[in-house]
Amino acid sequence: MKIVEARVIVCSPGRNFVTLKITTEDGLTGIGDATMNGRELAVASYLSEYVCPLLLGRDAGRIEDMWQYLYKGAYWRGGPVGMTAISAVDTALWDIKAKAAGLPLYQLLGGRSRDGVLVYGHANGNTVEEVLEWVHSYVERGYKAVRVQFGIPGLSSTYGVGSDKLYYEPADRGAFPVENSWSTELYLRSVPAAIGRVRDAFPDLHLLHDVHHRLTPIEAAKLGQRLEELSLFWLEDPVPAELQEGFRIIRSHTTTPIAVGEVLPTIWDLRTLIGEQLIDYVRTSVQRAGGISHLRKIASLAELHHVRTGSHGATDLSPVCMAAALHFDLSVPNFGIQEYMPHTPETDEVFPHSYRYSDGFMHPGEEPGLGVEIDEDAAGCFPYQRAYLPVNRLLDGTMHSW
Ligand code: GCO
Ligand code: MG
């Protein structure tokens, strides 16, 4: 199964996506998601300038060897650009292998460990009333788990609350990033009570909340303590995770479950967090963490340490990643939950797929391979448009993590 073509397709059906398409000599094709929100062309050019030429003539069936070749062979290891590129190659090769076998990918990963993939939706709003309305609409659609994000009185805008409630997308098209403002004091003053109101209204629902890397460990420890009685499913990214040891402080103070990892691309970046059981859910994804092959190794390390998976699934992870994630989720023993934000109709038109949602759960479908394709004619109608994620400043103008 020699690779005869490897191409990068960049399109923007509502938001930017980078897709790698690999073709073999017998005409099989596989695709992988290489989107890195706000920095898309860095990965596209890494792939087309350096990786695609290396794939030609190689055996598409040697997935692990290809992974090692691209990881060890670059000398410059890790990092989001390189790892996203490897993810795309790995995913495309798994797609090809499963198509060649005539099986949905999860069958090659050991088969189903469960009947469906528990997902959580996003409810957000400027006021608690708005959030309550959205949570209600998710519950009506069968969701068992909902993430809640609130506007913060005194701040003009913040992470997680957008103008379009269903298709929340933080990256904005424009010459410069949007500037958000932040005050930990104002946040801690309003958010615990806001989550409390949702808990009162929905006593049985799994509730999740994303702090988006903004607190210090001791602030996060205090927040975790205050939220304990609300029984969150998880508190996400309470602090930036470069300093993994910082999570020891949070852990020693609170039993609120912690989820981390959407920006961390390798098992080595997660070693302390998982190995010391400092987190409960690992959130890195097929698209960020070296594809199916590497994410499975991370899941195995996590399994050993009582950590479950909770893969990132915002709209900047394309339907190709979503499909791959669902095969992974269905198969790993220590699955926890999957984030799910529906893509826009334009995106779904470019990426026809077999995965489906029903009553709080998703299933990848039974098509051979990933069960998703890219319609290149449709993609061609939506050319790339530069977009940036916002930046964040404290009220006195100091740069802060967004
Ligand atoms: C999440 C994430 C996203 C990210 C986005 C960045 O939990 O879904 O934090 O909202 O901000 O994916 O591109
Ligand atoms: Mg997050």
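**Legends to the close-up views**

**View 1. Glu 236 and the magnesium ion (ligand 2)**. With a relative accessibility of 0%, Glu 236 counts as buried, a word used here for residues with under 20% relative accessible area, while exposed stands for over 50% and partly exposed for the values in between, all with a 1.4 Å probe and with protein chains only as cover. This is a predicted model, in which local features need pLDDT of at least 70 and side-chain atom pairs count only at pLDDT 80 or more, whereas totals for chains, interfaces and linings use all residues. Residues are numbered from 1 along each chain as its sequence is written, chains are lettered from A and ligands numbered from 1 in the order in which they are written, and side-chain values use heavy atoms, with hydrogens and water left out. Donors are N, O and S atoms within 2.8 Å of the metal (3.2 Å for Na, K and Ca), and water is not among the atoms, so sites may look incomplete. Along the chain, the donors of this ion follow the spacing D-x25-E-x25-E. Asp 210 belongs to strand β8 (residues 206-210) and Glu 236 to strand β9 (residues 234-236), so this pair ties together parts that are 26 residues apart in sequence. Helices (H or I, at least four residues) and strands (E, at least two) are DSSP runs numbered from the N terminus. Like Glu 236, which is buried, Asp 210 counts as buried, at 2% relative accessibility.

**View 2. The salt bridge between Glu 376 and Lys 21**. A salt bridge is a side-chain nitrogen of Lys or Arg within 4 Å of a carboxyl oxygen of Asp or Glu, and a search of the whole structure finds 19 of them. In the bridge between Glu 376 and Lys 21, the closest N and O atoms are 3.0 Å apart. This pair links distant parts of the chain, since Glu 376 sits in helix α13 and Lys 21 in strand β2 (residues 17-24), 355 residues apart. Glu 376 is partly exposed, with a relative accessible area of 28%, whereas Lys 21 counts as buried at 15% relative accessibility. Both residues also take part in a network of salt bridges that links Glu 5, Arg 7, Lys 21 and Glu 376.

**View 3. The salt bridge between Lys 99 and Glu 373**. Here the closest N and O atoms are 2.9 Å apart. Lys 99 lies in helix α3 (residues 80-101) and Glu 373 in the loop between β15 and α13, so that distant parts of the chain, 274 residues apart, are linked by the pair. Lys 99 is buried, with a relative accessible area of 17%, while Glu 373 is partly exposed, with a relative accessible area of 33%.

**View 4. The salt bridge between Glu 339 and Arg 283**. The two side chains meet with an N to O distance of 2.9 Å. Because Glu 339 lies in strand β13 (residues 338-339) and Arg 283 in the loop between β11 (281-282) and α10 (291-304), the pair ties together parts that are 56 residues apart in sequence. Both Glu 339 and Arg 283 are buried.

**View 5. A patch of negative charge on the surface**. Glu 346, Glu 349, Asp 375 and Asp 377 gather in this patch. Patches are made of residues with over 30% relative accessible area and no salt bridge, with like charges joined within 9 Å and nonpolar side chains (Val, Leu, Ile, Met, Phe, Trp, Tyr) within 5 Å. Among the members, Asp 375 is placed in the loop between β15 (361-363) and α13 (376-380), and Asp 375 is partly exposed, with a relative accessible area of 32%.

**View 6. Gln 277 and His 306, with positive phi angles**. Gln 277 is not a glycine, and yet its phi is positive, at about 55 degrees. This residue is found in the loop between α9 (271-275) and β11, and it is partly exposed, with a relative accessible area of 35%. His 306, although not a glycine, has a positive phi of about 60 degrees. His 306 lies in the loop between α10 and β12 (308-309) and counts as exposed at 66% relative accessibility.

Methods. Areas by Shrake-Rupley, 256 points an atom, 1.4 Å probe, with all protein chains shown as cover. Lys, Arg positive; Asp, Glu negative; His and termini not counted. Charge placed at Lys NZ, Arg CZ, Asp CG, Glu CD.
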